[in-house]
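Hi,

Here is the structure I said I would pass on. Have a look, and then read on for what turned up.

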Amino acid sequence: MNIHQRTSDGLKILYQRYYANNSERQLELEKARIDDEVARKIFKIKETYHLSTKDLSELIHTDESIIEALENADYEGNSFLLLNLIATSLKMKIEFELVSV
């Protein structure tokens with residue numbers, strides 16, 4: 001098996017160059033993916049329940065700037081924990097699913 005297979009897929013090239021052998025970068029990438037997913041869920045919640053950023057911040061007793069950071073996938077804390085707080089406040093729950101890759 002040829003370990004150095006040629007590819008023209010830009011994403012594969014970037015992954016191989018910057019992430020494949022760097023576990024710290026892989027963790028950063030996974031956190032970015034989770035933050036992005038949380039941002040999308042929050043946007044969907046706001047849209048579905050017709051909530052403003054202010055409404056959502058009041059719902060979980062936090063600052064609007066925290067909600068804005070979550071929406072921009074730029075929150076430095078545990079974004080998943082805050083998503084869970086939001087879900088609980090709206091009588092929702094978060095479910096995980098493990099899938100093979």
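Below are my notes on the aromatic rings and on one isoleucine.

Before anything else, keep in mind that this is a predicted model.

Aromatic rings: searching the whole structure gives two aromatic pairs. One is Y15 with Y19, which is stacked, with 5.9 Å from centre to centre and 15° between the planes. Y15 is partly exposed at 33% relative accessibility, and Y19 is also partly exposed, at 24%. Y19 has a charged neighbour as well: R25 lies over the face of its ring, 6.0 Å from the ring centre.

The other pair is F80 and F96. Their ring centres are 5.1 Å apart and the planes meet at 35°, so this pair counts as tilted; stacked would need planes under 30 degrees apart. The pair links distant parts of the chain, since F80 sits in helix α5 (residues 79-89) and F96 in the segment after α5, 16 residues apart. F80 is partly exposed, with a relative accessible area of 28%, whereas F96 is exposed at 70%.

Now the isoleucine. I45 belongs to helix α2 (residues 23-49). Is I45 buried or exposed? With a relative accessibility of 9%, I45 counts as buried. What does I45 touch, leaving aside neighbours within four places in sequence? The contacts are H50, L51, L83, I86 and L90.

Cheers

Key: Residues are numbered from 1 along each chain as its sequence is written. This is a predicted model: local features need pLDDT of at least 70, side-chain atom pairs count only at pLDDT 80 or more; totals for chains, interfaces and linings use all residues. Side-chain values use heavy atoms; hydrogens and water are left out. Rings of Phe, Tyr and Trp (its six-membered ring) pair if their centres lie within 6.5 Å; planes under 30 degrees apart count as stacked, over 60 as edge-to-face and the rest as tilted. Buried means under 20% relative accessible area, exposed over 50%, partly exposed in between (1.4 Å probe, protein chains only). Helices (H or I, at least four residues) and strands (E, at least two) are DSSP runs, numbered from the N terminus. A charge sits over a ring if NZ of Lys or CZ of Arg is within 6 Å of the ring centre and within 35 degrees of the ring normal. Contact means heavy atoms within 4.5 Å.
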